Amino acid sequence: MCLIVFSWQPDSDTPLVLLANRDEFFERPAEPMHWWHDRPDVLAGRDLRGGGTWMGVNRTGRFAALTNFRDGRAPMAPKDAPSRGLLVSAMLDATSFGDDLSRIERHAHEYAGFNLLAGDLPAGKLFWLGNRADHVGGHACVPHAAPIAHAITPGIHGLSNAVLDTPWRKLISRRDALASALSQNADDATLLQIMRDTAQAPDDALPETGVSREWERSLSATFIASPAYGTRCTTLLRYHRNGRIDMVEVTVTPGQSPNVLSDRRDFSFVADASRT
């Protein structure tokens, strides 16, 4: 995932409403969202190269999603570094949420830069964990010696390829659009369309993440449409206090108009914590 905006209101009837775009090279093979055959309690897309996923839920109400941390000036990850998508699939194990999160904290330094959202939704828990320090004084981001998971405070939040709520133009605009849409009880199609904005930020609003200015422009759009790299899918998740989880995924093919929402998959089930 490269842009996630979400409303976390743990005391409301719908504690979590989340929208996400996965941006990736089109040549990287992946399966769309489905119940995994080898782990039938997991609902997620699947990266066929790394074996993990970018976002998913399980039947107990466990949730996880990941974005890469972008800093072209940081040291490269070791060639044998594990796929960051395995962090998401690890959090979808129906074991102990706290133990699984602590294990990722201990091993976070082994991975390339990432941000992880992870939650035990029926328990009212949602956390953010990143393994890169904030950008300070123009220096490259460096791995945390001991990354710590932070509980998400109630409100409307956004996560892209920097730390939580970094005020990039697309994050702010989509976060505000989500807040407005929720205040009007928007339907699924309206919410999904929020993530299909192709407008690029002006040069004076571009972040500096160590990549070329041309690449920064392309990546500044919510919906990225380029021949080799772009938005691969848009996902909507709603978690309701009664335990029902509704998910919608719309898959994108190269060159497809952002206004097309036809390749859509809908899932709905009630989380069952007893399956742990």
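Start by selecting D93, which is partly exposed because its relative accessible area is 32% (buried means under 20%, exposed over 50%, partly exposed in between, with a 1.4 Å probe and protein chains only). Before you click on, note that this is a predicted model, where local features need pLDDT of at least 70, side-chain atom pairs count only at pLDDT 80 or more, and totals for chains, interfaces and linings use all residues. Residues are numbered from 1 along each chain as its sequence is written, and side-chain values use heavy atoms, with hydrogens and water left out.

Helices (H or I, at least four residues) and strands (E, at least two) are DSSP runs, numbered from the N terminus. R39 is partly exposed too, at 24% relative accessibility.

Next stop: D203 and R217. Their salt bridge has its closest N and O atoms 2.8 Å apart. D203 is in the loop between α4 (188–194) and α5 (213–219), while R217 is in helix α5, 14 residues apart. D203 is partly exposed at 34%, and so is R217 at 31%.

Then pick D165 and R175, whose side chains meet in a salt bridge (3.3 Å, N to O). D165 lies in the loop between β10 and α3 and R175 in helix α3, so the pair ties together parts ten residues apart in sequence.

Stay with helix α3 (169–183): it lies across β1 (3–8), β2 (16–25) and β10, at about 35° to β1. Contact here means heavy atoms within 4.5 Å; axes are lines fitted to C-alpha atoms, for helices over the stretch in contact, and angles run from 0 to 180 degrees between N-to-C directions.

Which strands form the open sheet? Select six, in the order β10-β1-β2-β11-β12-β13, with antiparallel pairing (two strands pair if DSSP finds at least two bridges between them). The edge strands are β10 (155–159) and β13 (264–270). Zoom in on β11 (229–239) and β12 (244–251), joined by seven bridges; L237 stands opposite M247 in β12.

Last, select D188, R238, R264 and D266, which are linked in a network of salt bridges. The whole structure holds 15 salt bridges.

Notes: A salt bridge is a side-chain nitrogen of Lys or Arg within 4 Å of a carboxyl oxygen of Asp or Glu.
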